[in-house]
Amino acid sequence: MTGVGGRIDEVRAQIAAVCADEGRDPGGVRLLAVTKTRPAQTVREAYATGCRWFGENRLQELRDKAAELSDLSDLSWSVIGHVQRNKAGTVVDLASELQSLDSLDLAADLDRRLEVADRTLDVLVQVNTSGETTKSGLAPDGVEAFTLGLRHHSRLVPKGLMTIALPSADDREVAACFDELVAVRDRLRDRDGSGWDDLSMGMSGDFRLAIAHGSTCVRIGSALFGPRD
Ligand SMILES: *Cc1c(COP(=O)(O)O)cnc(C)c1O
């Protein structure tokens with residue numbers, strides 16, 4: 001198979017191979033197909049191969065694409081980019097999950113709208129493990145306090161943590177970011193007893209390393225759909 005279908009099969013095979021090496025169940029690693037900048041037709045092609053989770057980082061683009069794809073009822077959208085407070089309504093209308101939560105003001109807005117819509121939203125807290133000032137996300141040592149603040153917002157269901165690793169050719173530097181996320185998760189588990197299971201880490205260039213370090217969700221765009229413009 002060529003095109004999108006062939007690349008998806010290839011990435012799935014790579015995920016399975018790393019899991020086999022690590023003694024992990026491949027069912028424990030979710031493939032989130034990142035379709036930002038791609039047309040709705042690309043989502044359809046990925047859907048046809050069995051993909052059900054799609055990641056978008058712009059809310060207007062998500063709204064347009066979701067409207068074009070409203071016939072695909074069992075597809076789930078995950079928001080992976082920064083959300084401005086005035087776009088909270090789009091998240092509540094369309095998303096199954098928000099992976100980039102890093103603001104309690106946004107959390108409060110979402111919670112209020114979710115209450116009105118009578119639904120819940122799965123959330124992952126974004127952590128800045130690379131130390132790059134251009135990256136969103138909370139500093140690792142701020143996550144514990146932040147998650148206490150989330151307890152006031154019962155419509156937000158805490159699922160885990162998300163990070164973007166340092167873009168580095170040195171695997172040790174990249175792995176240090178993944179290990180940092182695991183360490184934050186372990187501290188939350190020690191405090192709360194359970195939960196915080198999801199670790200969304202790994203993109204096209206580093207997903208194998210991320211799985212070896214415990215990722216439960218890889219967010220993959222260009223390896224599936226080719227380079228973005
Ligand atoms: C764009 C994006 C990805 C996918 O990046 P690729 O390198 O194309 O796989 C993953 N995560 C986030 C948060 C993104 O914005």
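**A tour of the ligand site and the cysteines**

Begin by selecting the ligand, which sits in the largest pocket. A pocket here is an open set of points on a 1 Å grid over the protein atoms alone, with protein on both sides within 12 Å along at least five of seven lines; a molecule sits in one if more than half of its atoms lie within 2 Å of its grid points. The model is predicted, so that local features need pLDDT of at least 70 and side-chain atom pairs count only at pLDDT 80 or more, while totals for chains, interfaces and linings use all residues. Residues are numbered from 1 along each chain as its sequence is written, and side-chain values use heavy atoms, with hydrogens and water left out.

Next, display the shell (a heavy atom within 4 Å of the ligand): V34, K36, I80, I164, M203, S204, R219, I220, G221, S222 and R228.

Now turn to the polar contacts (pairs of N or O atoms within 3.5 Å). At R219, a polar side-chain atom lies 2.9 Å from a ligand nitrogen atom. At G221, a polar backbone atom is 2.8 Å from an oxygen atom of the ligand. Select S222 as well: a backbone N or O atom there lies 2.8 Å from a ligand oxygen atom. The protein buries 89% of the 390 Å² that the ligand exposes when taken alone (Shrake-Rupley method, 1.4 Å probe).

Finally, select the cysteines. The count of disulfides (cysteine sulfur atoms within 2.5 Å) is zero. For C177, the nearest cysteine sulfur is that of C217, 17 Å away.

Terms used:
Polar contact = N/O pair within 3.5 Å; in protein donor to acceptor, adjacent residues only side chain to side chain. 1 Å grid on protein atoms, 1.4 Å probe; cavity = no way out; pocket = protein on both sides within 12 Å on 5 of 7 lines; lining within 4 Å.
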